[in-house]
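Please keep the model open while you read these notes. Each point takes one topic.

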Amino acid sequence: FFIWFAIAPLLPVIKKSPEEGGIGLSRQEIWTSNICSVLGTTFMRFINGPMCDKYGARILMGVLLMFASIPCALTGLVNDAASLAVLRFFIGLGGSTFVCCQFWTSRMFTKEVAGTANALVGGWGNLGGGVTQLVMGSVLFPLFQTGMSVEMAWRTVCIVPAVVGFFLGLLIIFISDDAPKGNYKEMKMNGTMPEISAAASFRSGAMNINTWLLFLQYGCCFGVELTMNNAAASYFVNEFGQTVASAAAIASIFGWMNLFARGIGGYVSDKVNARMGMKGRLIWQGGLLVVEGVLIFVFANTKSLAGAIVLMVIFSTIVQAAEGSTYGIVPYVNPAVTGSIAGVVGAGGNVGAVCFGLGFRQMDDLQAFYLMGGCVLASGILTAFISIKGHAGLLCGEDSEQAIAAYKRTGETPAAATTLQVPEPDAEVVEEIEGDKA
């Protein structure tokens, strides 16, 4: 996120006329670049899921971070709307590492605590959105301005997140492991892990209707967060007359809620699962989305700066709790192809951001917020149609004996579940893999 959104708090300066130190951009051109940033990530998230199933998350994450650091460092070469859009598309590829992140923790922790684990690491990753607003817009940019012109400051400041991202990518590759039992390459060589077909993994995940329902719901929580990361600073400048530095500081609050909010969403999801099984997770998920939708309407109609900030804190907390709740459900859909499912659902967040970004590009802010709020409310209703094999849904289905034993921690299942393992393909996936080899 530090790489991905490094430019966002600088956009109010970049869009100014050349005489004022910018390159002269319209509102539509700014939002086109925001959309391109998210499109790059969407494309890679679909690919990353099955690739994680086959190769593991470690190398993919490291390579993507290093690759995205290069265009981030080249921000200073931007001279028009087209070059900004292209640059942000390639920087956006780094945002797809979120899929690697969620796959990684799903491999490291059992499903019963995956909600908390996924939410904590995802939330602290998303925290980069808030850190970036504050560090880039309110600390580094003003600092660079003390020794150079406004234009030279925004053209050089993005080198800092680029260097950080590149060296972090190297660190991940050389000091981390793919799974509790080691790296995928060694595990396949010694027979402790079966060979996985990326194509079969993706087909199995994409053919499950629950994957696409979660895709839509994630678009209405993470998609909202991405939209706010791109829009918040400019919104507070335009609506409340704030300076770039103060607007960036205020906008960073949205991302800073990730410090705890997403983790709370996953933690509560795990707790209600321990009491009610999957039905508890679904009730929590649907309730968060409905509340989120209502808060968007309220935020859009708030006219005082103090009121808008308070509402943004509450609104952001609910948004990120819904994200954590979503990835508390993902590992249950089909454990054997969790990577592909995580990739599709993760891409849903970016698709949501593209759709909402188009709304802000074509409408005024109030209408765009209304569109976003209405979509979020509708997504909450979709929770009633999620039905996972072996688990009770809101309207139909029953928990299997194995599922009940797992979440109530009775019988032999919990004991087995406490051992960290790499899930093996189910019979259906094995058949597809053999078919691909033939």
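1. Start with Arg27 and Asp365. Their side chains meet in a salt bridge, 3.1 Å from N to O. (A salt bridge is a side-chain nitrogen of Lys or Arg within 4 Å of a carboxyl oxygen of Asp or Glu.) The pair links distant parts of the chain, 338 residues apart. Arg27 sits in helix H2, and Asp365 in helix H18 (residues 365–381). Helices are DSSP runs (H or I) of at least four residues, strands (E) of at least two, numbered from the N terminus.

2. A word on the source. This is a predicted model: local features need pLDDT of at least 70, side-chain atom pairs count only at pLDDT 80 or more, and totals for chains, interfaces and linings use all residues. Residues are numbered from 1 along each chain as its sequence is written, and side-chain values use heavy atoms, with hydrogens and water left out.

3. Are the two partners buried or exposed? Arg27 counts as partly exposed, at 32% relative accessibility. Asp365 is buried, with a relative accessible area of 16%. (Buried means under 20% relative accessible area, exposed over 50%, partly exposed in between, with a 1.4 Å probe and protein chains only.)

4. The count comes to six salt bridges. One of them joins Arg262 and Glu323, at 3.0 Å from N to O. Arg262 lies in helix H14 (residues 261–276) and Glu323 in helix H16 (residues 305–333), so this pair ties together parts 61 residues apart in sequence. Both Arg262 and Glu323 are buried.

5. Helix H14 also holds Asp270. Asp270 forms a salt bridge with Arg281, with the closest N and O atoms 3.0 Å apart. Arg281 is in helix H15 (residues 278–300), eleven residues from Asp270. Asp270 and Arg281 are both buried.

6. Go back to helix H2 (residues 27–55), where Thr42 is found. Thr42 counts as buried, at 9% relative accessibility. Which residues does Thr42 contact, leaving aside neighbours within four places in sequence? They are Ala347, Asn350 and Val351. (Contact means heavy atoms within 4.5 Å.)

7. Now the whole chain. It has 21 helices and zero strands. Its radius of gyration is 22 Å, close to the 22 Å that the globule rule gives for 438 residues, so the chain is as compact as a globular protein of that length. (The radius is taken over C-alpha atoms; the rule is 2.2 Å times the number of residues to the power 0.38.) Buried residues make up 57% of the 438.
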